[in-house]
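Open the model in your viewer and keep the selection tool at hand. The tour goes from one selection to the next and says what is there.

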Amino acid sequence: MANLYRLTLQQRHRLPPVSTGVSSGYSTCLSCVSGVSKKSDCRRFKASRRLVVGLGAAFCSQFMTMAGTLGANSLIASARQRGAVEQVLKDVQWPEQFPFKEEYFQRFDESPDSLFYETPRFVTHIDDPAIAALTKYYSEVFPPSNTPGVSILDLCSSWVSHFPPGYKQDRIVGMGMNEEELKCNPVLTEYVVQDLNLNPKLPFEDNSFDVITNVVSVDYLTKPIEVFKEMCQVLKPGGLAIVSFSNRCFWTKAISIWTSTGDADHVMIVGAYFHYAGGYEPPQAVDISPNPGRSDPMYVVYSRKASTA
Ligand SMILES: C[S@@+](CC[C@H](N)C(=O)[O-])C[C@H]1O[C@@H](n2cnc3c(N)ncnc32)[C@H](O)[C@@H]1O
């Protein structure tokens, strides 16, 4: 049964057979493709991927039994239908204990993140339609530009935040790994360079942000529950956390449970981070993919800090 299931997972996620090369449906980061990051990173992924395929199968079957409204095999299949990933977080019966194993958060490249992000990458990590879809989504859910007292935190930020053109607030903080990138981000009023994998503590006052964004970066967090707890701490009651992602990444730096699973699973993983961090309303998913199959997919998992937290 386990083998059968693994075969199904490989077919549905287009994972490579364990004994052959990489030809999956996943994409490497655009900056990798464009040669900005080291080519060796792309090649080394082959070995890493082979090691983690089994983890993905175990994880998914565990979570499939958790998804109350979905039948045993429908979670992955449903990811192929437009909008169906939105069902993934509906009425989930979460296990009492955090079901993730320590090894799920390991990465192929465990060297300090400061080395990997030492050189600025003035690139975009998703294609233009996906960026436009995210910007449009932000324009629908963000507080109006220039609202007195509104503060926003962009976690894992860079030289771009994809906020609506001309969007302003008194305080928009970017936190990331490369100072040169952050310095060039026009929407930020301030920035902090901090490695969240070394120090997940957010250096901000409690209840100080209305919105926290995190774009195509949640897969690099090795201590996500600590970070999501901190996010809850610094959000104002009712404040909104928006985590968005596509199907690209720096493979050697993404956690193994991410690189061994697919889009619908990623929705479940981020939903689990909100759930197990505590203090949030039940997380929800939105598929904002602009042209399914023709440009990068784009998913949002969001939640509000419970007003009683
Ligand atoms: C793929 S880029 C995305 C950047 C930006 N959010 C965007 O949409 O273009 C990943 C980002 O995650 C951030 N990041 C990666 N590892 C991190 C860590 N350990 N601590 C804090 N930020 C990290 C880096 O600063 C990097 O800019």
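**Start at the ligand**

Select the ligand and the 17 residues around it; C156, G176, M177, L196 and V215 come nearest. Colour the shell by class to find eight nonpolar, seven polar and two charged residues. Here Ala, Val, Leu, Ile, Met, Phe, Trp, Tyr, Cys and Pro count as nonpolar, Asp, Glu, Lys and Arg as charged, and the others, Gly among them, as polar.

This is a predicted model: local features need pLDDT of at least 70, side-chain atom pairs count only at pLDDT 80 or more, and totals for chains, interfaces and linings use all residues. Residues are numbered from 1 along each chain as its sequence is written.

**The whole chain**

Zoom out to the protein chain, which has 10 helices and nine strands. These are DSSP runs, numbered from the N terminus: helices are H or I with at least four residues, strands are E with at least two. Of the 309 residues, 44% count as buried. Buried means that 20 or more other C-beta atoms lie within 10 Å of the residue's own; with 12 or fewer it is exposed, and in between partly exposed, with C-beta atoms placed from the backbone.

**Helix α6**

Select residues 128–141, helix α6. Which of its residues are buried? They are A130, I131, A133, L134 and Y138. Seen down the helix axis, the buried residues of α6 fall within an arc of 160°, so they line one face; the arc is that of the directions from the axis to the C-beta atoms. An α-helix has 3.6 residues a turn, so residues three or four places apart point the same way. On the face turned away from the buried side, find the exposed D128 and E140.

**Strand β9**

Next select residues 299–304, strand β9: six of the six are buried, so the strand is largely enclosed by the rest of the structure. Y299, V301 and S303 lie on one side, V300, Y302 and R304 on the other. Show β6 again: six bridges join β6 to β9, and the two run antiparallel. Pick I242 to find its bridge partner in β9, Y302. Strand β8 (residues 284–287) is also antiparallel to β9, joined by four bridges. There, V286 has V300 as its bridge partner. Strands pair if DSSP finds at least two bridges between them.

How values were computed: Expected span 1.5 Å × (residues − 1). Near = placed C-beta within 6 Å.
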